[in-house]
Amino acid sequence: CWEAADNWPPEIAALLASSIEPALVGAELLLAIPEYTVALPPRGKPSQNDLFVLAKAADGQLMAMTVEGKVNEPLGATLDEWNATASTGKAARLRFICAQLGLASEPPGTVRYQLLHRSVSALVLARRFNARYAVMLVHSFSPVGAWFEDFETFCGLFGSRPAERDVLLPLTMAGGIALYAGWVSGNTAFLNE
C-alpha cells in the first residue's frame with residue numbers, strides 16, 4: 001500500500017491530518033526504506049523495522065517514523081517471554097529502552113517488547129537525522145484489529161489519554177524530541193493482491 005501511494009497511503013495522511021500537533025498536519029514524505037535495522041545498545045539483535053520513513057513537518061522540522069505492519073500475527077513476545085532467558089545484555093538493553101522512553105520503572109511483563117524497541121528506534125533515528133518528531137506506527141491490516149489491546153497497554157505506560165485506532169497519540173518528550181504512537185487501520189484490499 002505504501003508503494004501504491006503517490007505520497008502517503010490515504011490512512012496515514014488522514015492520521016497526520018488529525019494530529020493535535022499542527023506541524024504534523026500536511027507533513028511531506030521524503031523517503032521510505034523497507035526492512036530498516038536500527039542498532040540498540042548494548043549489542044545483540046537490532047530492531048528490524050518494516051519501514052523507516054523520513055518526513056518534513058509543516059514547521060520545516062524533520063520527523064522520523066518507524067512502521068510495524070501487521071495482519072493477524074501478534075506484536076512479538078511479551079517482556080516476560082522475552083526475558084525468560086535473562087542475561088546481562090538483555091537487562092542492559094531494557095534499562096536503555098526505559099531510559100530512552102522516560103519510564104521510571106520496568107514495564108509490566110505483559111507489555112509487548114516489540115512496541116518498546118520500535119518506539120526507541122524512532123527516537124534513535126530522530127536523533128540521527130536531527131528530527132524534532134518521532135512516530136511509531138502499527139499499520140494494521142487485520143479486519144478485526146487483532147492485538148490492538150496490546151497497543152493500548154503499551155500506550156498506557158505513558159499516562160496519556162487512552163489509545164484509539166487511527167489517532168496519533170502523544171507519548172512523551174525525550175531529549176527535545178516529541179514521541180508519538182499510532183494504530184492505523186490499513187486498507188484490507190491490499191491483502192488480496
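Okay, a quick definition to begin: two strands count as paired if DSSP finds at least two bridges between them. With that in hand, let's look at this one, and keep in mind that it's a predicted model.

Start with β1 and β2. Nine bridges join these two strands, and they run antiparallel.

β2 and β3 make a hairpin with five residues between them, and in the turn you'll find G60, with a positive phi of about 85 degrees.

So is β2 enclosed or open? Seven of its 10 residues are buried, so the rest of the structure largely encloses it.

Okay, zoom out. The whole thing is an open sheet of six strands with mixed pairing, in the order β1-β2-β3-β4-β6-β5. At the edges sit β1 and β5, residues 168-174, each pairing on one side only. On average, neighbouring strands are turned by 20 degrees against each other, ignoring direction. Then there's helix α4, residues 113-128, which packs on the sheet and touches β1, β2, β3, β4, β5 and β6. The direction of α4 makes about 155 degrees with that of β3.

Last stop, back on β1, residues 28-38, where L31 sits. L31 counts as partly exposed because its relative accessibility is 33%. Together with L30 and I33, L31 forms a nonpolar surface patch, with about 210 Å² of accessible area between the three.

Methods
Residues numbered from 1 in each chain as written. Predicted model: local features only at pLDDT ≥ 70, side-chain atom pairs only at ≥ 80, totals over all residues. Heavy atoms only, no water. Patch = residues over 30% accessible without salt bridge, like charges linked within 9 Å, V, L, I, M, F, W, Y side chains within 5 Å. Areas by Shrake-Rupley, 256 points an atom, 1.4 Å probe, with all protein chains shown as cover. Salt bridge = Lys/Arg side-chain N within 4 Å of Asp/Glu carboxyl O. Helix = DSSP H or I, 4+ residues; strand = E, 2+ residues; numbered from the N terminus. Buried < 20%, exposed > 50% of the residue type's maximum accessible area, 1.4 Å probe, protein only. Axes fitted to C-alpha atoms, helices over the stretch in contact; angles between N-to-C directions. Contact = heavy atoms within 4.5 Å.
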